[in-house]
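Student: I would like to learn how to read a few features of this structure. Can we start with a sheet and then move to a helix?

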Amino acid sequence: MDNLMHTKVKTTTTLLSQLRQEFLQQEDIILKTDEYLDRQKVFESNARSYPRRIPLSLAKAKGIYVKNTQGQVFIDCLAGAGTLALGHNHDSITNGLKKVLESNLPLHTLDITTPVKDQFVIDVFSALPRSFSDTAKIQFCGPTGADAVEAAIKLAKIATGRKTIIAFSGGYHGMTNGALAMMGNLGPKKAVTGLMPDVHFLPFPYTYRCPFGLSPTESINANLHYIRSLLNDPESGVLKPAAIIVEAVQGEGGVIPAPVEWLQGLRKVTQELDIPLILDEVQAGIGRTGKMFAFEHADICPDMVVLSKAIGGGLPMAVLLYNKKWDQWSPGAHSGTFRGNQLAMMAGSITLDVIDQQGLIKNSTLMGGILKTNLLTLKDNYAFIGDVRGEGLMIGVEIIDPQRSSTMGGEYATNPLMASKIQQACLQKGLIIELGGRDGCVIRFLPPLIVQAGEIELITKCFASALQLVSEV
Ligand SMILES: Cc1ncc(COP(=O)(O)O)c(C=O)c1O
């Protein structure tokens with residue numbers, strides 16, 4: 001494995017931020033990585049996931065960098081699956097957490113209010129577009145995205161009295177019983193019986209692999225036409241749903257941004273038919289796509305918004321926001337013990353403040369634009385790169401097999417073996433990236449929003465040398 005500390009870094013010093021150089025100079029005790037990994041294999045469940053593809057034991061982290069227990073430094077373009085908007089151990093968050101810890105505030109308050117919670121609610125409402133926040137209510141949920149998704153579904157069913165839910169192919173909403181039922185990926189759900197019933201799937205406008213076999217423009221129109229006719233057809237077989245749940249940019253499904261005109265069309269038809277539209281912003285929200293919320297690209301106003309990941313500033317936190325016209329559930333209808341995490345609320349408030357003060361949403365657009373341009377240049381040199389897409393700092397590179405035609409939309413087949421090789425080569429070159437999408441063929445870049453231009457060049461260099469490596473063998 002290349003040791004970035006001693007080789008690459010020297011040759012690319014001019015590209016490095018001050019932050020990284022300081023981090024690299026820190027001395028650590030060198031431990032045996034294998035011991036940790038071996039013990040992990042022995043004790044942890046067979047369901048463990050990331051360590052199988054990213055076999056690292058991590059000791060330190062700062063900004064976009066992590067260091068393993070052997071002292072090797074990696075650029076973290078996974079960032080807690082998009083959670084770490086400000087990167088690892090941001091000074092403002094560390095200081096804020098210290099303040100809470102030293103204040104004697106009860107750290108566990110169920111959903112009883114505190115000054116920290118009060119401020120957090122004000123901050124979240126201020127971050128939302130006025131068209132939504134003016135009539136919004138907030139529900140604190142158990143601290144995972146999946147629990148807030150469950151809350152949204154529950155509320156929609158209670159408020160409408162309907163039982164059917166519509167989700168989208170390629171969608172990801174978490175791993176609980178209801179959320180799993182709404183998942184596109186068949187892998188994790190096929191062995192589980194008794195998932196939430198009455199879930200129907202519509203095709204997502206994945207224009208690179210159009211399920212209708214049409215060109216991108218035709219694809220969007222056909223998709224909308226299909227949704228509209230299904231929802232109005234008395235013989236569609238699908239009851240009027242309690243809600244439609246959608247990601248404005250599908251993340252786990254392969255970094256697929258919903259085209260603006262499609263989201264607008266979806267909003268229009270759901271409004272006409274009085275169907276609550278739930279925007280799952282767990283991954284795309286809080287500045288990642290170059291807007292505070294990804295649905296803002298389409299300038300729509302959802303009925304419900306689900307937030308988690310970055311809204312807790314790296315600590316567990318999930319909330320559901322919704323138009324108060326749906327506020328028809330009873331007291332205690334969605335309770336849960338861990339809904340009062342003061343540290344996460346403080347970290348969330350600080351995250352929103354730093355994003356605002358440091359213009360990180362603009363940074364997401366600018367840095368994401370540079371990274372996408374760089375990746376598009378690389379695409380010209382490698383036939384196995386089929387597509388480069390995304391918004392802001394949520395970017396995907398789809399890996400294909402140009403020798404095999406596709407059987408599920410799009411011209412060429414997916415290439416899971418090559419995608420996996422690229423991921424491992426990236427790790428060798430000091431870059432942590434994750435895979436997603438059909439057959440795990442989309443390489444996903446989710447760096448922290450604080451990433452700087454020099455660091456984008458460094459990410460590109462690492463990725464380029466990984467591509468070079470897999471092409472040589
Ligand atoms: C869009 C989306 N919704 C929901 C979830 C589930 O969140 P959690 O893993 O915190 O339950 C995720 C997680 O990746 C997600 O990306």
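Tutor: Strand S5 (residues 165-168) and S6 pair in the parallel sense over four bridges. Two strands pair if DSSP finds at least two bridges between them. Helices (H or I, at least four residues) and strands (E, at least two) are DSSP runs, numbered from the N terminus. Before going on, note that this is a predicted model: local features need pLDDT of at least 70, side-chain atom pairs count only at pLDDT 80 or more, and totals for chains, interfaces and linings use all residues. Residues are numbered from 1 along each chain as its sequence is written, and side-chain values use heavy atoms, with hydrogens and water left out.

Student: What is the order of the strands in the open sheet?

Tutor: The seven strands run S4-S12-S11-S10-S7-S5-S6, with mixed pairing. Strand S4 (136-140) and strand S6 (199-202) stand at the edges; each has a single partner strand, so one side of each is left without a neighbour in the sheet. The twist averages 20 degrees from one strand to the next. Angles run from 0 to 180 degrees between N-to-C directions, and axes are lines fitted to C-alpha atoms, for helices over the stretch in contact.

Student: Which strands does helix H12 touch?

Tutor: Contact means heavy atoms within 4.5 Å. H12 (residues 260-272) packs on the sheet and touches S5, strand S7 (243-246) and strand S10 (277-280). Its direction makes about 165 degrees with that of S7.

Student: Now the helix. Which residues of H14 are buried?

Tutor: Buried means under 20% relative accessible area, exposed over 50%, partly exposed in between (1.4 Å probe, protein chains only). In H14, the buried residues are Leu360, Asn363, Ser364, Met367, Gly368, Leu371, Asn374, Leu375 and Leu378. They cover an arc of only 130 degrees around the axis, which puts them on the same side of H14. That arc is taken from the directions from the helix axis to the C-beta atoms. The face turned away from the buried side carries exposed Lys362 and Asp380.

Student: What do the buried residues of H14 pack against?

Tutor: Their partners include helix H13 (342-357), strand S13 (385-391) and helix H16 (453-472).

Student: Why does Ser406 count as buried?

Tutor: Ser406 counts as buried because its relative accessibility is 18%. Ser406 is found in the loop between S14 and strand S15 (412-414).
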